[in-house]
Amino acid sequence: MSNEERPENLATLIKRLKVEYDVTESEIARRIGVAPATVNAWVHSKRGTGRGPNPDKLRALAEAFPKFTEREIFAAAGRKAPGPLSPDAEERILALFRSLTAEQQEMKEIEMRALAERNQSSNS
């Protein structure tokens, strides 16, 4: 990104992606498992409206088009990129979670859901 203070929006990133990979919006949609209308909406919607793309689809975009990093794609969508989670870390977290009581598990799930929703609605 050329301007660190003001990252490009998702529409601009997708336009660059189309040129870099010589693909259409329909091909992008096919590769990440969404309808072509979804990609078209990302290209033509204004930043800051609605909840924006699903984080799983943003990750899929980074996987399908690796010249664009997950961090770059999430920033263009107006979100913070989720941190990396190795299989070992996931296993340790799950083991800790399993050691909690049912009530504690429910409280942690609510807390994690609230944090994830905050990240989805964050524009920074």
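Q: Start with helix 2 and helix 3: what is the handedness of their crossing?
A: The crossing of helix 2 and helix 3 is right-handed, meaning that the near helix is turned clockwise from the far one by less than a right angle. This is a predicted model, where local features need pLDDT of at least 70, side-chain atom pairs count only at pLDDT 80 or more, and totals for chains, interfaces and linings use all residues. Residues are numbered from 1 along each chain as its sequence is written, and side-chain values use heavy atoms, with hydrogens and water left out.

Q: Which residues of helix 2 and helix 3 make the contact?
A: Helix 2 brings E25, S26, I28, A29 and I32, and helix 3 brings P36, V39, N40, W42, V43 and H44. Contact here is heavy atoms within 4.5 Å. By class there are seven nonpolar, three polar and one charged residues. Ala, Val, Leu, Ile, Met, Phe, Trp, Tyr, Cys and Pro count as nonpolar, Asp, Glu, Lys and Arg as charged, and the others, Gly among them, as polar.

Q: And at what angle do the axes of helix 2 and helix 3 cross?
A: They cross at roughly 120 degrees and come within 8 Å. The axes are lines fitted to C-alpha atoms over the stretch in contact, with angles from 0 to 180 degrees between N-to-C directions.

Q: Which residues of helix 3 are buried?
A: V39, W42 and V43 are buried in helix 3, which spans residues 36-44. Buried is under 20% relative accessible area, exposed over 50%, partly exposed in between, with a 1.4 Å probe and protein chains only.

Q: Why do they line one face of the helix?
A: Seen down the axis of helix 3, the buried residues fall within an arc of 100 degrees, so they line one face. The arc is that of the directions from the helix axis to the C-beta atoms. On the other side, A37 and H44 are exposed.

Q: What covers the buried residues of helix 3?
A: The cover includes helix 1 (10-21), helix 2 (25-32) and helix 4 (55-64).

Q: Changing topic, where is D22 found?
A: D22 is in the loop between helix 1 and helix 2. Its phi is positive, about 50 degrees, although D22 is not a glycine. D22 is exposed, with a relative accessible area of 72%.

Q: How many helices and strands does the chain have?
A: Seven helices and zero strands. These are DSSP runs numbered from the N terminus, helices being H or I of at least four residues and strands E of at least two.

Q: What share of the chain is buried?
A: Buried residues make up 27% of the 124 residues.
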